[in-house]
Amino acid sequence: SDAQIKKEIEHALVWSPFVHRNDIHVKVRHGVAELTGTVGSWIAYGEANQDAQNGGALEVVNHLQVR
């Protein structure tokens, strides 16, 4: 379910050494995860994207901004 995918993505983000979970907002609809917010590097950008895929998202729409 979308709620379970969101929960799995958020759990993965908490454990990522490159990502600050509070800076990323996750929405999931019909299995598609949408990431919004900011990250501090391109490494964090890619890590968040990978976390979303590993969390079960069928597709990831990444609107994160690197600052």
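How many positive and how many negative side chains does the protein chain have, and how far apart do the centres of the two sets lie? The protein chain has 6 positive and 8 negative side chains, with 7 Å between the centres of the two sets; Lys and Arg count as positive and Asp and Glu as negative, while His and the chain ends are not counted, and the place of a charge is taken as NZ of Lys, CZ of Arg, CG of Asp or CD of Glu.

## Basis of the model

This is a predicted model, in which local features need pLDDT of at least 70 and side-chain atom pairs count only at pLDDT 80 or more, whereas totals for chains, interfaces and linings use all residues. Residues are numbered from 1 along each chain as its sequence is written, and side-chain values use heavy atoms, with hydrogens and water left out.

## Overall fold

The protein chain contains two helices and three strands, arranged along the sequence in the pattern α-β-β-α-β; helices (H or I, at least four residues) and strands (E, at least two) are DSSP runs, numbered from the N terminus. The radius of gyration of the protein chain is 10 Å, close to the 11 Å that the globule rule gives for 67 residues, so the chain is as compact as a globular protein of that length; this radius is taken over C-alpha atoms, and the rule is 2.2 Å times the number of residues to the power 0.38. Along the principal axes, the C-alpha atoms fill a box of roughly 30 × 20 × 15 Å.

Of the 67 residues in the protein chain, 31% are buried, where buried means under 20% relative accessible area, exposed over 50%, and partly exposed in between (1.4 Å probe, protein chains only). The protein chain exposes about 4,300 Å², of which carbon and sulfur atoms supply 51%; accessible areas come from the Shrake-Rupley method with a 1.4 Å probe, and for residues only the protein chains shown count as cover. Among contacts (heavy atoms within 4.5 Å) between residues at least 6 apart in sequence, 61% join residues at least 24 apart.

Strand β1 (residues 24-29) pairs with strand β2 (residues 32-39) in the antiparallel sense over six bridges; two strands pair if DSSP finds at least two bridges between them. In a regular strand the side chains alternate between the two faces of the sheet. The covered face of β1 carries Ile24, Val26 and Val28, and the uncovered one His25, Lys27 and Arg29. Valine 26 has leucine 35 of β2 as its bridge partner.

The two strands form a hairpin with two residues between them. Histidine 30, in the loop between β1 and β2, is exposed, with a relative accessible area of 62%. Most residues other than glycine have a negative phi, yet histidine 30 has a positive phi of about 55° although it is not a glycine.

## Contacts of the helices

Isoleucine 9 lies in helix α1 (residues 2-15) and is buried, with a relative accessible area of 0%. Not counting residues up to four places away in sequence, isoleucine 9 touches Val26, Val28, Ala33, Asp51, Ala52, Gly55 and Ala57. Its C-alpha atom is separated by 10 Å from that of leucine 35, 26 residues apart along the chain. Histidine 11, also in helix α1, is partly exposed at 47% relative accessible area, and its C-alpha atom is separated by 8.4 Å from that of glycine 55, 44 residues apart along the chain.

Aspartate 51, in helix α2 (residues 42-54), counts as buried at 7% relative accessibility. With residues up to four places away in sequence not counted, aspartate 51 touches Ile9, Ala12, Leu13 and Ser16.
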